[in-house]
Amino acid sequence: MLTAEDYLSGQVLLIDKPLHWTSFQVVNKLRWEIRQAFNIKKIKVGHAGTLDPLATGLLVICTGKMTKQIDSFQAQIKEYTGTFVLGSTTPSYDLETEINETFPTEHISETLIHNTAKQFLGDIEQFPPVFSAIKKDGKRLYEFARAGESVEVKSRTVSISEFEITNISGLNIDFRVVCSKGTYIRSLAHDFGKSLNSGAHLSALRRTKIGDFKVDDAVTIEGFIAKLKN
């Protein structure tokens, strides 16, 4: 059983983030629970890589002195699974916003889908979604987007080492992606739709790995709290 000193000295916690929680909310919850459990006035807690509220899966949480390792964890290769929906787009590239455009899909075959996925392997240029937490002029991009203000977003180079189509069910495309830090899977969905001469948006996303850390070894927030109290 871990002690207060263990958490202050530094721990790496693997949490399976639930749907609709922000990464910041998870950090705040765990910090509060650790402080309450051990009557600690102050402890550093941070996460190594944001997950969107509509994504689930692996969140690496560092406590105490291990927060100094956050940058090195963030830089590691990540794996995601999820689902694209073909034939429609949203401004946020996922389900945060409503569908704004629809596109023909009659020309899309399974062969075209698999061949298109191969085009995204290697280093690619990607524009982050306007509904993202990236800062520009001191504001988050999503703040501009939600206010209806247009803002110029610069592309960035990211690397896709694996892009596997795992199932095709009508317009729903299940996938697995292994990628570099800074890759937006929402942008990948959007660009994938464009490459099919159609449209696409992300309907589900789960982070399964960060470096050698696996979601299979993670615990839920409730599971972590239960361990603290035992």
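## Helix H6

How many of the 11 residues of H6 are buried? Nine of them are, so this helix is largely enclosed by the rest of the structure. Keep in mind that the model is predicted.

The buried residues of H6 are Ile185, Arg186, Ser187, Leu188, Ala189, His190, Asp191, Phe192 and Gly193. After H6 comes Asn197. The phi angle of Asn197 is positive, near 55°.

## Helix H4

Helix H4 covers residues 110–118. Its buried residues are Ile113, Thr116 and Ala117. Seen down the helix axis, these residues fall within an arc of 105°, so they line one face of H4. An α-helix has 3.6 residues a turn, so residues three or four places apart point the same way.

What does the buried side of H4 pack against? The partners are strand E4 (78–86), strand E10 (156–169), strand E11 (172–179) and helix H6 (185–195). The face of H4 turned away from the buried side carries Thr111 and Lys118, which are exposed.

## Strand E12: Arg207

Now turn to strand E12, which spans residues 200–210. Arg207 is found in this strand. Is Arg207 buried or exposed? Arg207 is buried, because its relative accessible area is 1% and the cut-off for buried is under 20%.

Two polar contacts involve the side chain of Arg207. A polar atom of that side chain lies 2.8 Å from the backbone oxygen of Leu58. The side chains of Arg207 and Tyr80 are joined by a polar contact of 3.4 Å. Leaving aside neighbours within four places in sequence, Arg207 is in contact with several residues, including Gly49, Thr50, Leu51, Lys78 and Val215. Arg207 and Lys17 are 190 residues apart along the chain, yet their C-alpha atoms are separated by 9.2 Å.

## Strand E12: Thr208

Thr208 also lies in strand E12. Thr208 is buried, with a relative accessible area of 14%. Its side chain makes a polar contact of 2.6 Å with the side chain of Glu79.

Which residues does Thr208 touch, leaving aside its neighbours within four places in sequence? They are Leu58, Glu79, Tyr80, Thr81, Phe213, Lys214 and Val215. Leu58, Glu79, Tyr80 and Val215 are also among the contacts of Arg207.

## The second largest pocket

The second largest pocket has a volume of about 180 Å³. Its lining is made of Met1, Leu2, Tyr7, Gln11, Leu13, Leu14, Phe38, Val219, Phe224, Lys227 and Leu228. By class, nine of these residues are nonpolar, one is polar and one is charged.

Which element gives the largest share of this lining? The answer is H7, with three residues. Strand E1 (12–17) and H7 each supply at least two residues.

## Lys227 on helix H7

Helix H7 runs over residues 221–229 and includes Lys227. Lys227 is one of the residues that line the second largest pocket. Is Lys227 buried or exposed? Lys227 is exposed, with a relative accessible area of 56%.

Not counting residues up to four places away in sequence, Lys227 touches Met1 and Val219. Met1 and Val219 also belong to the lining of the second largest pocket. Lys227 and Lys214 are 13 residues apart along the chain, and their C-alpha atoms are separated by 19 Å.

Terms used:
Residues numbered from 1 in each chain as written. Predicted model: local features only at pLDDT ≥ 70, side-chain atom pairs only at ≥ 80, totals over all residues. Heavy atoms only, no water. Buried < 20%, exposed > 50% of the residue type's maximum accessible area, 1.4 Å probe, protein only. Helix = DSSP H or I, 4+ residues; strand = E, 2+ residues; numbered from the N terminus. Arc of directions from axis to C-beta. Contact = heavy atoms within 4.5 Å. Polar contact = N/O pair within 3.5 Å; in protein donor to acceptor, adjacent residues only side chain to side chain. 1 Å grid on protein atoms, 1.4 Å probe; cavity = no way out; pocket = protein on both sides within 12 Å on 5 of 7 lines; lining within 4 Å. Points joined across faces, edges and corners; volume = space filled by probe spheres on them. Nonpolar A, V, L, I, M, F, W, Y, C, P; charged D, E, K, R; others polar.
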